[in-house]
Amino acid sequence: MNKAATELPILTIALCAGEASGDLLGAHLMNAIRTRYPRVQFVGIGGPRMLAAGIQSLYDQEKLAVRGFVEVVKKLPEILAIRRGLIRSLKQIKPQVFVGIDAPDFNLGVAESLKQAGIATVHYVSPSVWAWRRKRVKKIVKQVDEVLCLFPMEPELYRQAGGRARFVGHPLAQTLPLVIDRKAKRQQLKLSEQAPVFVLMPGSRVSEIDFMAPIFLQAAEIIHQRYPQAQFLLPLATAATRQRMQDILAQPVWQKLPIRLMSAHAEMACQAADVALVTSGTATLEVALCQCPMVISYKISPLTYAYVKHKIKVPYVGLPNILLDRGVVPELLQSNATPQKLAEAVIHWYESPQEVQDLQADFSALHQQLRLNTDELSAQAVLQHATGQI
């Protein structure tokens with residue numbers, strides 16, 4: 001650290017990421033901030049990547065990684081206790097800025113309380129206000145000083161409501177290469193260059209694993225019957241999801257499936273694979289940016305589905321379809337999320353090389369649109385708020 005850097009005041013930046021995708025964003029943001037401003041310390045809630053980047057995590061991130069309305073209700077007392085505790089601690093610590101990373105139902109409440117206490121607040125990753133509950137925008141601009149948006153259509157919604165927002169691009173588009181060398185990735189993973197390779201991505205939360213993994217594994221069994229040489233990769237983002245997946249795979253029924261568990265490295269798996277079977281969420285964009293054909297699926301409890309289905313204002317749930325504004329990849333949801341239908345959709349991609357080529361051209365165009373220096377732009381925005389230069 002040079003002399004000029006040592007003369008800088010120490011900044012305390014609070015961050016809170018509620019799940020694995022937010023943990024990745026948070027770690028990239030922390031590293032970019034530290035590069036620009038070395039005398040910084042981080043506190044809040046983070047997962048393994050943010051812990052490795054140096055955050056002091058006040059609570060276990062996994063306790064916040066709950067999916068679905070019904071599932072959240074069961075965990076609500078514990079989640080609310082964590083939020084109260086986090087707000088109380090951060091009011092005592094008095095960071096220069098609080099950055100809520102995704103998880104809007106949790107983080108925006110924290111931000112509102114801290115903003116009222118005179119702490120600058122930034123929300124990183126706009127909620128899907130363009131998809132449902134658009135009226136939230138008016139409330140969000142009162143809760144936070146600025147929203148950092150990953151998609152280009154989002155900032156204008158906040159500006160129209162009198163708030164601040166900026167498009168910073170998507171970090172995955174920044175970090176993933178524009179040109180994929182599938183052969184090299186297979187060699188790196190010691191996979192056959194001739195055999196079919198499929199990726200199973202049942203989710204980044206334990207609750208998603210419980211719902212989706214058995215269906216995905218049954219689909220993989222059907223695919224394996226058609227392609228006996230097939231290889232299956234199953235990347236898992238956290239220790240908790242890996243443990244749950246190991247418990248499921250320990251059942252005798254799955255012993256003959258050639259599945260390789262991977263600790264994270266989803267991008268490497270997708271870059272090596274022919275087709276991915278993926279649970280709807282941020283992972284669908286990662287698969288698209290790896291130029292891997294995919295089948296998107298999702299299944300939640302009937303009560304949760306009944307609650308949300310009438311609130312959705314867009315015709316698709318998968319990010320590639322939403323961003324390209326057409327159904328470029330199949331979405332098999334709820335009653336359509338059967339092992340047979342999933343397997344047939346995966347097989348269709350594997351046996352349709354011309355369609356795959358067209359799809360990859362669409363994915364490449366999407367990649368170019370989202371590719372900015374996201375870490376740098378986000379770090380710049382956070383430091384502007386932290387130093388009062390906004």
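This is a predicted model: local features need pLDDT of at least 70, side-chain atom pairs count only at pLDDT 80 or more; totals for chains, interfaces and linings use all residues.

Modeller: Residues are numbered from 1 along each chain as its sequence is written, and side-chain values use heavy atoms, with hydrogens and water left out.

Colleague: Thanks! How many helices and strands does the protein have?
Modeller: Helices (H or I, at least four residues) and strands (E, at least two) are DSSP runs, numbered from the N terminus. Counted that way, the protein has 18 helices and 13 strands.

Colleague: What share of the residues is buried?
Modeller: Buried means under 20% relative accessible area, exposed over 50%, and partly exposed in between (1.4 Å probe, protein chains only). Of the 390 residues, the buried share is 54%.

Colleague: Among contacts between residues at least 6 apart in sequence, what share joins residues at least 24 apart?
Modeller: A contact means heavy atoms within 4.5 Å. Among the contacts you describe, the share joining residues at least 24 apart is 69%.

Colleague: Which exposed residues does helix α6 carry on the face turned away from its buried side?
Modeller: Start with the buried residues of α6 (residues 136-143), which are R136, V137, I140, V141 and Q143. They sit on the same side of the helix because they cover an arc of only 160 degrees around the axis, the arc being that of the directions from the helix axis to the C-beta atoms. Their cover includes α5 (104-116), β5 (120-124), β6 (146-149) and α7 (155-160). Turned away from that buried side are K138, K139 and K142.

Colleague: Is S297 buried or exposed?
Modeller: S297 is found in strand β12 (residues 294-298). Leaving out residues up to four places away in sequence, it touches M212, F216, V278, T279, S280, L332, L333, A337 and L342. With a relative accessible area of 0%, S297 is buried.

Colleague: How far apart in space are F363 and A288, C-alpha to C-alpha?
Modeller: F363 lies in helix α17 (residues 353-370) and counts as buried at 1% relative accessibility. Not counting residues up to four places away in sequence, F363 touches several residues, among them A288, Q291 and C292. F363 and A288 are 75 residues apart in sequence, yet their C-alpha separation is 5.7 Å.

Colleague: And H28, which residues does it touch beyond four places away in sequence?
Modeller: H28 lies in helix α2 (residues 20-36) and is partly exposed, with a relative accessible area of 25%. Beyond four places away in sequence, H28 touches T175 and D375.

Colleague: Last one: what is the phi of D325?
Modeller: D325 is found in the loop between α15 (319-324) and β13 (331-333). At 61% relative accessibility, D325 counts as exposed. It is a residue other than glycine with a positive phi, near 60 degrees.
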